[in-house]
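Dear colleague,

Please find below the sequence and structure that I am handing over to you. My notes on it follow directly after.

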Amino acid sequence: MQRILVTGGAGFIGCNFVHYIMEHGSVHVTVLDKLTYAGNESSLVGLPPERFEFIKGDICDSVLVDRLTASVDAVVHFAAESHNDNSLQDPRPFMDTNLLGTYTLIEAARKHGTRFHHISTDEVYGDLALDEPTRFTEDSVYRPTSPYSATKAGSDLLVRAWVRSFGLRATISNCSNNYGPYQHVEKFIPRQITNLLDGHRPRLYGKGLNVRDWIHVEDHSSAVAAILERGRIGETYLIGADGEQSNRTVVEKLLHLVGQPSDAYDLVTDRPGHDLRYAIDSTKLRRELGWRPLFEDFDAGLAATVQWYQENEDWWRPQKAETEVKYAGQGH
Ligand code: NAD
Ligand code: TDX
């Protein structure tokens, strides 16, 4: 594979993937990104210009998407409206980008016979009870609960239909919660880290008992690279690193890292419809493609992430105040 188009490459996971794939091979990358509030071109500085191109544009722009898709060997599709809380305030951009944007891309990939990889989330499977050991597998039933997860589920189903009806050469991956550098301060871990750096208390929704299955973003990148290289067309792969933690435990670990008492947090208004627990069984990916996560020590990964936000205030500071104003309006 010589040339790839990465949508949403100025976002959290997309930019980490671009850095990863360019460091681990000789591929040429074109990023297509609208630079919404969540996109940041500075996350892509330092890439070799002879192998990298940035295009500001919308994945719903069929003329632009058609032209870019025609000139690459593969499309890796990260672009999305990605935040559940935003989807509860205004679902419309989620419909446009996650559904119509994906439709626009798969139509172009179908026309040009381009290999397509669709990035999705474990949230399409709904949630699991807190007190049972069950985990999601590729055979779990789709039961999305929020406008965000419903549009991601819809986009997955579009890709599956295009594979079956039109022979689209596509794969899908559904990953658990990512953490690491370049994540927007609206998301749970960066919000709490930057609150602490600002001398404010972490804020837990409800009682803080909800569980997320954390994976370091670089492990997500290596899994996507493996699927792109060796995944079977038409298949779905779940990506996870056995990283289940309650939100309260994560906050207690962060407080420990900055030398504060473990109860120095606030409980705030819960998210409506808040999914209780996500957990991924990634056996298929590990057995079939020989993938395994390298960041298995969550405490070490969390400490490195705190250090990254300490050292990169210039990157996150411009978004912090407006993000907190938005949350204050939601009682969070
Ligand atoms: P993000 O919000 O940080 O980044 C999204 C990027 O997409 C931004 O750069 C934004 O400018 C761009 N974008 C949005 N609308 C666009 C449009 N219409 N046209 C072009 N670009 C557009 O999101 P993220 O956390 O990096 O998530 C990336 C992908 O991974 C999403 O598809 C998301 O559903 C999926 N995912 C995320 C997680 C997670 O923990 N964050 C877990 C599993 C799957
Ligand atoms: O301030 C907070 N306090 C809090 O307790 C915030 C922002 C969140 N939370 C809770 C809600 C969730 O239980 O933390 C957990 C994680 O919240 P988010 O970072 O908003 O992530 P989540 O809703 O789990 O969704 C994420 O993982 C799956 C990504 O945002 C999605 O894009 C991905 O699909």
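In this predicted model, a polar side-chain atom of serine 82 lies 2.7 Å from an oxygen atom of ligand 1. I use "polar contact" for a pair of N or O atoms within 3.5 Å; within protein, one of them must be able to donate a hydrogen and the other to accept it, and residues adjacent in sequence count only if both atoms are side-chain atoms. The backbone also takes part: a polar backbone atom of asparagine 178 is 2.9 Å from an oxygen atom of ligand 1, and a backbone N or O atom of lysine 34 lies 3.0 Å from a nitrogen atom of ligand 1. Of the 850 Å² of accessible area that ligand 1 has on its own, the protein covers 97% (Shrake-Rupley method with a 1.4 Å probe; for residues, only the protein chains shown count as cover).

The elements that give two or more residues to the shell around ligand 1 are α1 (12–23), β5 (115–121) and α5 (147–166). Helices (H or I, at least four residues) and strands (E, at least two) are DSSP runs, numbered from the N terminus. Strand β5 provides the largest share of this shell, three residues. In total, 28 residues surround ligand 1, and the closest are Ile13, Asp33, Ser82, Tyr148 and Lys152; a residue is counted as near a molecule or strand if one of its heavy atoms lies within 4 Å of it. By class, the shell around ligand 1 consists of twelve nonpolar, twelve polar and four charged residues. Here Ala, Val, Leu, Ile, Met, Phe, Trp, Tyr, Cys and Pro count as nonpolar, Asp, Glu, Lys and Arg as charged, and the others, Gly among them, as polar.

Residues are numbered from 1 along each chain as its sequence is written, while chains are lettered from A and ligands numbered from 1 in the order in which they are written. Local features need pLDDT of at least 70, side-chain atom pairs count only at pLDDT 80 or more, and totals for chains, interfaces and linings use all residues, while side-chain values use heavy atoms, with hydrogens and water left out.

I turn next to ligand 2. This ligand is surrounded by 22 residues, of which Thr121, Glu123, Tyr148, Arg271 and His274 are the closest. Oxygen atoms of ligand 2 lie 2.7 Å from a polar side-chain atom of glutamate 123, 2.7 Å from a polar side-chain atom of arginine 212 and 2.9 Å from a side-chain N or O atom of asparagine 247. The protein covers 94% of the 660 Å² of accessible area that ligand 2 has on its own. Helix α6 (188–197) and strand β8 (203–205) each supply at least two residues of the shell, whose residues divide into six nonpolar, nine polar and seven charged.

The charged pairs come next. Side chains of opposite charge can pair when their charged atoms come close. The structure holds 21 salt bridges, each a side-chain nitrogen of Lys or Arg within 4 Å of a carboxyl oxygen of Asp or Glu. One of them joins lysine 34 and aspartate 58 (3.5 Å, N to O). Lysine 34 lies in the loop between β2 (28–33) and β3 (52–56) and aspartate 58 in the loop between β3 and α2 (62–70), so this pair ties together parts that are 24 residues apart in sequence. Lysine 34 is partly exposed at 42% relative accessible area, and aspartate 58 is partly exposed at 23% (buried means under 20%, exposed over 50% and partly exposed in between, with a 1.4 Å probe and protein chains only).

Aspartate 66 and lysine 111 form another salt bridge (3.1 Å, N to O). Because aspartate 66 lies in helix α2 and lysine 111 in helix α4 (residues 92–112), the pair ties together parts that are 45 residues apart in sequence. Aspartate 66 is partly exposed at 21%, whereas lysine 111 is exposed at 58%.

Finally, glutamate 53 has its place in strand β3 and is partly exposed, with 36% relative accessibility. Not counting residues up to four places away in sequence, glutamate 53 touches His28, Val29, Thr30 and Val31, where contact means heavy atoms within 4.5 Å.

Yours sincerely
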